[in-house]
Amino acid sequence: MIKITENVYSLESSKKFNIFLIKGEKNILIDTGFPGNAKKILEELDGIDLDYILITHHDIDHIGNLVEIQEVKNCEVYAPSEDIPFITGEKSRPGIKRLLSKKLKNIPKEENLKELPEKINDVTVIKTPGHTPGHVCFLYGDVIFLGDLFRNEDSIELINSKMNFDEDLLRESIPKIFEYEIKWFCPTHGEIFEFSDKAKEEILNL
């Protein structure tokens, strides 16, 4: 694991789809990566009792190993209420996401998912719809887990427009994160980065 700050880690087994772990009073996994990587993730989590898995949204690179991890770790899973029907397959994902969904071999069951409250333990849930109907970010101390609010691969930018549910709504959601004190930004796609005025300006101009 790669330590980001006190109690916050990035899994090395998650490849290019960042998965984060909070080790505190409760051990919390943020998202579960792209399908097919459960074995390596569980090896990295060996000896760690998970209390919760928190899901930022329904895309398969965030729920891809959820079923396998939950079965082994026997932990509670929370997801945005608007996205749960897409996670369980009750609703079909739009566009290219419908095709990508075929890579998901194990579909989570509704009875194994709980709706996200406003806060779980020391984690604050920030509603940031747009990329998906129910997309959320999670704030732990001064660390924010962004899901797909935006990425930081070659630069800070939005996820490809074809992947966004409502890009205007997404842009309206972005400023919400600056209502909180943030030091570390943890996107699913790309590099973790530290707050700066320049970074804030780039984010608000997306």
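**Entry 1**

I began with helix α3, where I found L66, V67, I69, Q70 and K73 buried, a word I use for under 20% relative accessible area, with exposed for over 50% and partly exposed for what lies in between (1.4 Å probe, protein chains only). I note that the model is predicted, that local features need pLDDT of at least 70, and that side-chain atom pairs count only at pLDDT 80 or more, whereas totals for chains, interfaces and linings use all residues. Residues are numbered from 1 along each chain as its sequence is written, and side-chain values use heavy atoms, with hydrogens and water left out.

Helices (H or I, at least four residues) and strands (E, at least two) are taken as DSSP runs numbered from the N terminus. I then asked what covers the buried residues of α3; the cover includes β4, α1 (38-44), β5, α2 (60-63) and β6. Just after α3, I noted that N74 takes a positive phi of about 50°.

Next I traced the sheet, which is open, is formed by 7 strands in the order β1-β2-β3-β4-β5-β6-β7, and has mixed pairing. Strands β1 (2-5) and β7 stand at the edges with a single partner strand each, so one side of each is left without a neighbour in the sheet. I count two strands as paired if DSSP finds at least two bridges between them; by this rule β4 (residues 27-30) and β5 (residues 52-54) pair in the parallel sense over 3 bridges, and L29 stands opposite I53 in β5. Helix α3 (residues 66-73) packs on this sheet, touching β4, β5 and β6, and its direction makes about 165° with that of β5. Axes here are lines fitted to C-alpha atoms, for helices over the stretch in contact, and angles run from 0 to 180 degrees between N-to-C directions.

**Entry 2: nonpolar cores**

I looked up nonpolar cores, each a set of buried Ala, Val, Leu, Ile, Met, Phe, Trp, Tyr and Cys residues joined through side-chain atoms within 4.5 Å. The largest has 23 residues, and those with the most contacts inside it are L21, L29, L45, L50, I53 and I55. I found that α1, α2, α3, β6 and α4 (84-88) each supply at least two residues of this core. A second, separate core of 20 residues includes I30, Y78, F138 and W184.

Which residues is L50 in contact with, leaving aside its neighbours within four places in sequence? With contact meaning heavy atoms within 4.5 Å, I listed L21, N27, I28, L29, L45, I69, K73 and C75.

**Entry 3: N18**

I moved to N18, which is found in the loop between β2 (8-10) and β3 (20-23) and is buried, with a relative accessible area of 12%. Not counting residues up to four places away in sequence, N18 touches S10, P187, T188, H189 and G190. A polar atom of the N18 side chain lies 2.9 Å from the backbone oxygen of P187, and the backbone oxygen of G190 likewise lies 2.9 Å from a polar atom of that side chain.

**Entry 4**

I checked how far strand β9 (residues 123-127) is covered and found 4 of its 5 residues buried. Strand β8 (residues 119-120) pairs with β9 in the antiparallel sense over 2 bridges, and V123 is the bridge partner of I120. The hairpin of β8 and β9 has 2 residues between the strands, and in it N121 takes a positive phi near 55°. I also recorded that β9 and β10 (residues 136-140) pair in the antiparallel sense over 5 bridges, with I126 opposite C137 in β10.

**Entry 5: salt bridges**

I searched the whole structure for salt bridges and found 8, each being a side-chain nitrogen of Lys or Arg within 4 Å of a carboxyl oxygen of Asp or Glu. K114 forms one with E76, the closest N and O atoms being 3.0 Å apart. This pair links distant parts of the chain, with K114 in strand β7 (residues 114-115) and E76 in strand β6 (residues 76-79), 38 residues apart. I found K114 partly exposed at a relative accessible area of 37%, and E76 partly exposed at 31%.

E167 forms a salt bridge with R171, with 3.4 Å between the closest N and O atoms; both lie in helix α6 (residues 167-173), 4 residues apart, about one turn of the helix.

Methods. A polar contact is a pair of N or O atoms within 3.5 Å; within protein, one must be able to donate a hydrogen and the other to accept it, and residues adjacent in sequence count only if both atoms are side-chain atoms.
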